Amino acid sequence: MNASAKMIGVVALGLTLSACTTARVGTDRLAEKDPLEGFNRTVWAVNRGADQIVVKPVTQVYRAVAPKPARDGVRNFFANVAEPFSFINNVLQGRVDRAMRNVGRFAVNTTAGIGGLFDHAGRVGIEPASEDFGQTLAAWGANGGPYLVLPLLGPSTLRDGVGTGVSQLADPYRVCLRECGLPHGVPLALTAAQVISVRDGLIETGADSFLESSLDPYAAARSAYLQRRRAEILNQESDVAATEAAAAADAEANPLGPDAGSAVDADAGIPGADAPSAADADAAAMPSEPARKPSDPAASEASKQPN
């Protein structure tokens with residue numbers, strides 16, 4: 001069976017499953033408890049060692065020799081080749097509007113953006129709509145399961161780990177790396193370049209400083225990953241304050257109280273009745289009411305209340 005037939009089969013299966021899509025997205029309560037913390041900390045230490053010895057030094061050389069516009073071009077290229085898989089996942093989630101944005105961005109950036117090196121689509125107002133299969137599973141109601149630190153890949157959950165595996169089989173870009181007859185060594189070089197580009201992005205966003213300033217870098221990375229992932233699943237990743245809003249919405253929908261123990265089965269991957277609905281997600285994404293002026297007595301009284 002050729003590569004295109006395999007991909008069509010995966011998409012057809014996904015479309016069949018998406019017909020049963022639940023209106024409630026999966027939660028990450030079990031991941032927040034981190035029942036595999038001992039194992040995860042061991043893998044975390046190994047990953048950090050590999051990063052300090054190999055990945056970070058190579059990335060620092062890359063940053064020293066490549067100007068920022070060139071590095072941005074590389075990052076744009078890898079974002080562009082991810083658009084087809086984002087399109088597939090948006091279709092599987094029934095988000096046709098976001099899928100059309102993937103089509104638009106891929107068409108504009110591949111042509112006017114010179115193979116994706118420039119984000120011309122962003123300049124004309126076509127915003128990113130990135131999705132992966134882990135997000136699709138969450139949209140179908142699959143809970144995250146336990147938090148996992150994957151060797152070399154870093155923070156994940158059981159659900160997202162499955163999504164990563166599926167992407168290796170169904171992502172058109174990954175399929176092409178294996179099946180398009182590229183010259184020997186090119187697929188490996190592209191994979192290495194992507195790893196370095198991702199690491200460069202982490203340095204650019206201050207991730208290193210964030211971990212170095214944390215009393216427990218492992219716990220800080222876990223919390224940041226789960227909050228960011230929640231925002232991505234609820235499609236709030238473009239809002240600076242969305243991560244906190246998503247975490248607050250999840251905590252409100254799934255309070256850890258006397259009944260928390262009864263949710264263990266749901267956390268293991270079975271959609272729960274108390275998971276936030278799509279409507280809840282939309283409500284969380286709505287802008288909040290403007291703050292009152294300090295001179296307003298109601299605002300002064302509210303400022304005295306604890307956060």
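This is a predicted model: local features need pLDDT of at least 70, side-chain atom pairs count only at pLDDT 80 or more; totals for chains, interfaces and linings use all residues.

Student: Why is E232 called buried?

Tutor: Its relative accessible area is 17%. Buried means under 20%, so E232 with its 17% is buried. E232 lies in helix α13, residues 217-233.

Student: What makes the pair of E232 and R229 a polar contact?

Tutor: Their side chains make this contact at 2.9 Å. The cut-off for a pair of N or O atoms is within 3.5 Å, and 2.9 Å meets that cut-off.

Student: Why does L117 count as partly exposed?

Tutor: L117 has 36% relative accessibility. Partly exposed lies between the buried limit of 20% and the exposed limit of 50%, so L117 at 36% is partly exposed. L117 is in the loop between α6 (96-111) and α7 (120-123).

Student: Which residues does L117 touch, leaving out those up to four places away in sequence?

Tutor: L117 touches D72, G73, N76 and F77. L117 and N76 are 41 residues apart in sequence, while their C-alpha atoms are 5.3 Å apart.

Student: How do you know that D216 forms a salt bridge with R41?

Tutor: The closest N and O atoms of D216 and R41 are 2.7 Å apart. A salt bridge needs a side-chain nitrogen of Lys or Arg within 4 Å of a carboxyl oxygen of Asp or Glu, so D216 and R41 at 2.7 Å qualify. The pair links distant parts of the chain, 175 residues apart: D216 is in the loop between α12 (207-212) and α13, and R41 is in helix α3, residues 37-65. By this rule the count comes to 23 salt bridges.

Student: Are D216 and R41 buried or exposed, or in between?

Tutor: Both fall in between. D216 is partly exposed at 29%, and R41 is partly exposed at 31%.

Student: What makes R199 and D208 a salt bridge, and why are they called buried?

Tutor: Their side chains meet at 3.1 Å, N to O, and the cut-off is within 4 Å. R199 has a relative accessible area of 8% and D208 has 16%; buried means under 20%, so R199 and D208 are buried.

Technical notes
Residues are numbered from 1 along each chain as its sequence is written. Side-chain values use heavy atoms; hydrogens and water are left out. Helices (H or I, at least four residues) and strands (E, at least two) are DSSP runs, numbered from the N terminus. Buried means under 20% relative accessible area, exposed over 50%, partly exposed in between (1.4 Å probe, protein chains only). A polar contact is a pair of N or O atoms within 3.5 Å; within protein, one must be able to donate a hydrogen and the other to accept it, and residues adjacent in sequence count only if both atoms are side-chain atoms. Contact means heavy atoms within 4.5 Å.
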